[in-house]
Amino acid sequence: MKIWTITNQKGGAGKTVLATNLAVEGSRAGLKTLLIDLDPQQSATKWWEARDAETPLLIKCLYNQLIDNLNSAQQQGFELVIIDTAGREGLKHIEAIERATFAIIPCQPSLDDCRSALPTVDIIKNTKTPFAFIITRCPSSGDDLQEARNSLSTIGLVCNTPTMERKCYKRAYAENLSVCEYDANDKGAGEIKAIFDWIHSKESRLENTQLTRAVG
Ligand SMILES: Nc1ncnc2c1ncn2[C@@H]1O[C@H](COP(=O)(O)OP(=O)(O)O)[C@@H](O)[C@H]1O
Ligand SMILES: [Mg+2]
């Protein structure tokens with residue numbers, strides 16, 4: 001069972017938008033997908049409760065319930081679990097990072113946002129969980145994207161597809177949909193698919209490397 005934990009202590013980084021969209025993408029890719037809402041503010045839960053679609057499933061979860069919930073997700077045959085976490089809760093969701101097969105750090109392309117992600121990076125590095133940055137809400141002009149790429153790539157992997165600042169993300173979210181469900185032809189839908197595929201392939205490559213090491 002893959003566990004992708006979306007984390008960044010900075011509020012507004014785009015965690016919930018990414019978590020909800022990637023969870024829908026997981027279901028669309030045919031994976032039995034569970035979204036775990038670990039944020040006491042429960043934004044993902046409110047989005048999910050107003051949906052008509054049956055997938056992905058979501059559970060809201062207190063910190064001390066996480067391990068039990070992950071164990072029961074495994075028993076129920078979930079193939080992908082995506083965990084949306086709170087901003088300013090520091091180490092409270094450390095188990096979600098420790099248990100993750102991949103940690104994802106959404107980060108807006110500004111110096112302040114890149115700096116604000118550093119404490120989160122330190123926490124992840126201590127757990128040895130593989131991680132990558134997804135640059136979010138990029139303006140369509142200017143050097144911000146390239147500068148953020150340059151600075152974040154000195155710290156860790158950076159997904160080659162960012163999310164651009166697009167109305168479709170806000171509109172889809174307001175209608176309790178993913179961007180693909182809202183408008184499959186919107187460029188945002190292509191971004192989410194590319195990000196999903198990128199994480200999936202990075203993780204598969206990591207698994208192969210670990211397997212080769214174990215066998216060799
Ligand atoms: N790519 C994007 N384009 C436009 N708006 C976005 C994008 N990603 C996120 N947002 C908006 O940014 C705000 C913060 O996103 P959110 O996912 O709630 O952040 P977090 O969960 O990290 O606090 C929300 O209003 C959301 O709709
Ligand atoms: Mg959130």
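For the counts below, Ala, Val, Leu, Ile, Met, Phe, Trp, Tyr, Cys and Pro are nonpolar, Asp, Glu, Lys and Arg are charged, and the others, Gly among them, are polar. The model is predicted: local features need pLDDT of at least 70 and side-chain atom pairs pLDDT 80 or more, whereas totals for chains, interfaces and linings use all residues. Residues are numbered from 1 along each chain as its sequence is written, chains are lettered from A and ligands numbered from 1 in the order in which they are written, and side-chain values use heavy atoms, without hydrogens and water.

**View 1. Lining of the largest cavity.** Thr-7, Gln-9, Gly-87, Gly-90, His-93, Ile-97, Thr-120 and Ile-123 line this cavity (on a 1 Å grid over the protein atoms alone, points where a 1.4 Å probe fits but cannot get out; lining residues have an atom within 4 Å of a point). The lining comprises two nonpolar, six polar and no charged residues.

**View 2. Residues around ligand 1.** Among the 14 residues around the ligand, those that come nearest are Gly-12, Lys-15, Val-17, Arg-137 and Met-164 (near: a heavy atom within 4 Å). The shell contains four nonpolar, five polar and five charged residues.

**View 3. Polar contacts of ligand 1.** An oxygen atom of ligand 1 lies 3.1 Å from a backbone N or O atom of Ala-13 (polar contact with the ligand: a pair of N or O atoms within 3.5 Å). For Arg-166, a polar backbone atom is 3.1 Å from a nitrogen atom of the ligand. In Lys-170, a side-chain N or O atom is 3.4 Å from a nitrogen atom of ligand 1.

Methods. A polar contact is a pair of N or O atoms within 3.5 Å; within protein, one must be able to donate a hydrogen and the other to accept it, and residues adjacent in sequence count only if both atoms are side-chain atoms. On a 1 Å grid over the protein atoms alone, a cavity is a set of points where a 1.4 Å probe fits but cannot get out, and a pocket is an open set with protein on both sides within 12 Å along at least five of seven lines; lining residues have an atom within 4 Å of a point.
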